[in-house]
Amino acid sequence: MQETILKQQPEISATPDAPAATGIAARLAVLGVPPELLTEAHELFRRNRIGITDFLLQKKAIAEVTLMEALSEEYGLPFWKKLPTDHIDTGFTSHFPIQLLKKQRIVPLANTDHGPVVAVNDPANFELVDDVCRVMNFPKRSVVLATQDEITAAINLAYDLSRSTAKKFFEEMSEGSTDNLISEIEEKADLLDETSEAPIIKLLNLLLSGAVKDRASDIHIEPYQANVKVRYRIDGILYDILNLPRKIHSPLVSRVKVMASLNIAEKRLPQDGRIDIKIADRSVDIRVSTIPTSFGERVVMRLLDKTSSMLRLCDLGMSEQKVGLFNRLIKSPYGIILVTGPTGSGKTTTLYAALQSINSPEVNIITIEDPVEYQIEGISQIQVNPKIDLTFAKGLRSIVRQDPDVVLIGEIRDLETAEIAIQSSLTGHLVFSTLHTNDAASAVTRLIDMGIESYLVTSSVIAIIAQRLVRVLCPKCKEPYIPDEESLANLGLDKSRIEGKVFYRKGGCAACMNTGYRGRTAIFEILILDEAMKRLILKTSDSNQIQQEAVRRGMATLLADGARKVVEGTTTVEEVFRVTRILKREEDLDEML
């Protein structure tokens, strides 16, 4: 096998003294690589076995794709810009440690259109190629070149797919008797040992990696009298994942506390902490919250994938008309724009998208948040810290002295914060913030209930945006159907609007974990405080009257925006009813009463 690779690479010596001969050196020199760097690469290879590709990429002497193309021409090896991983065979994961493959940047692919191949980043690493082919029993040696990112992505995908689930691990460990697992967990006293093979450590690692793999936003560890329940929140819905024996609760919670730098001896008071972990090529920030309950501490972990890109305004789910309206609003020179909705409705994501849209060197943007969820380049972000008395109100007082053009307040929680926000808007600042209300009109009522005078609300607030998140139908298994007339009537849809439209309902497949949904999008209502609305608010703070007037003036409600998503085939009637809390039948009200 080694003789074969030498035949394909006639200018490469079989000795480690010459990682690349004059042929490739000449090609790289033509591409602009300084000769002295090539000489240094050869010298380092002789002494430390550092590959030429490693050295040149570290020195940023040449773009990786350009280097791969040059190596491909010189060695007669195909360069695959994209590795075929749709049907990747994970068999090799049981033969090689992930650290070895990542360090050597090599991955065997059994299922390709060209048969089994070994993808490498450095063609001089032929000895390891031979070893991989021998272990994998590949019928013939076939080498292709690939970039480091492509090889790393293929390795991560394979090991992620082959990773045992927490449920499977627990079942394997508890075969025969649960007491065996309990005793094994209790025998391991050192919870601080990251490299330990203690079952409790592996169990928590599998729970975390499984949550990331399943796109979960939260992990719940809930103790009860006889067992411990583990649940994932996926696309806003909680799913039971695992039921554990009661005795596992204490070591599992202790392990979480150790990772979050919490006091493991304190079990009577709530605690909050953070964990930063890396799973494959994804960096995940975890916010940990513990509270004492009757049967022990309850733990909730909120997962934030920091490697995922922030959404743009056009990605939020707004119609083109609303995107245009929102764009005009966020470019206002002053005033307050409020985004309302319950916890987990995507308010912060919407505000971040707005900040990204107006972020430029000419605009000074400062935020105060609890917590800072995403770091945005060019924006100064402050983390609330109650332990040192850095609250929204105190932080905001200091922010206005920093000459900001735009201020984002994570949440208006009290009268003091609301007053400073209004004063800031009245003195020439554009203020973004959030409130917890059911709809846009209720935000006015909430501010006045806090103690803000109605004339100050009308003078400062320019728009209120209410939003909810609805699950998106899985494109692989959604099924067309004809909804009943009652549901369509409750959505406010008439025959003229739905003529020729195809409605879909959820199905269930492996891609969506048999839920019928994959991902979420938002529905919005935007209340503009124009002169007519301001006059009404000065007369009354009744949210029902404000809502009715806004609808009369053309505002599309959450229900109406949800109906648009149903007509477009994005979501289902049931989803819209779920998040808007609309009673579908008069009998529902009778049953409640």
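**Exercise 1. Find what Pro 270 touches beyond its sequence neighbours, and decide whether the residue is buried or exposed.**

Step 1: leave out residues up to four places away in sequence, and Pro 270 touches Thr 290, Ile 291 and Pro 292. A contact here is heavy atoms within 4.5 Å.

Step 2: Pro 270 sits in the loop between helix 12 (249-259) and strand 7 (271-279). Helices (H or I, at least four residues) and strands (E, at least two) are DSSP runs, numbered from the N terminus.

Step 3: take one of those partners. Pro 292 is 22 residues from Pro 270 in sequence, and their C-alpha atoms are 6.4 Å apart.

Step 4: check the accessibility. With a relative accessible area of 54%, Pro 270 is exposed. The cut-offs are under 20% for buried, over 50% for exposed and partly exposed in between, with a 1.4 Å probe and protein chains only.

A word on the model before moving on. It is predicted, so local features need pLDDT of at least 70 and side-chain atom pairs count only at pLDDT 80 or more, while totals for chains, interfaces and linings use all residues. Residues are numbered from 1 along each chain as its sequence is written, and side-chain values use heavy atoms, with hydrogens and water left out.

**Exercise 2. Work out the surroundings of Leu 262.**

Step 1: Leu 262 is found in the loop between helix 12 and strand 7.

Step 2: its relative accessible area is 14%, so Leu 262 is buried.

Step 3: skipping residues up to four places away, Leu 262 touches Lys 257, Gln 271, Asp 272, Gly 273, Val 288 and Thr 290.

Step 4: Arg 274 is 12 residues along the chain from Leu 262, with 8.9 Å between the C-alpha atoms.

**Exercise 3. Say which side chain Asp 285 pairs with.**

Step 1: look in strand 8 (residues 282-293), where Asp 285 is found.

Step 2: Asp 285 counts as buried, at 4% relative accessibility.

Step 3: the side chains of Asp 285 and Arg 274 are joined by a polar contact of 2.5 Å. That term means a pair of N or O atoms within 3.5 Å; within protein, one must be able to donate a hydrogen and the other to accept it, and residues adjacent in sequence count only if both atoms are side-chain atoms.

Step 4: leaving aside neighbours within four places in sequence, the contacts of Asp 285 include Arg 274, Asp 276, Arg 302 and Lys 306.

**Exercise 4. Sort the two faces of helix 21.**

Step 1: in helix 21 (residues 531-539), the buried residues are Ala 532, Met 533, Leu 536 and Ile 537.

Step 2: down the axis, these fall within an arc of 135°, so they line one face of the helix. The arc is that of the directions from the helix axis to the C-beta atoms.

Step 3: Glu 531 and Arg 535 are exposed, on the face turned away from the buried side.

Step 4: the buried residues pack against helix 17 (440-450), helix 18 (454-460), strand 18 (517-528) and helix 22 (543-552).
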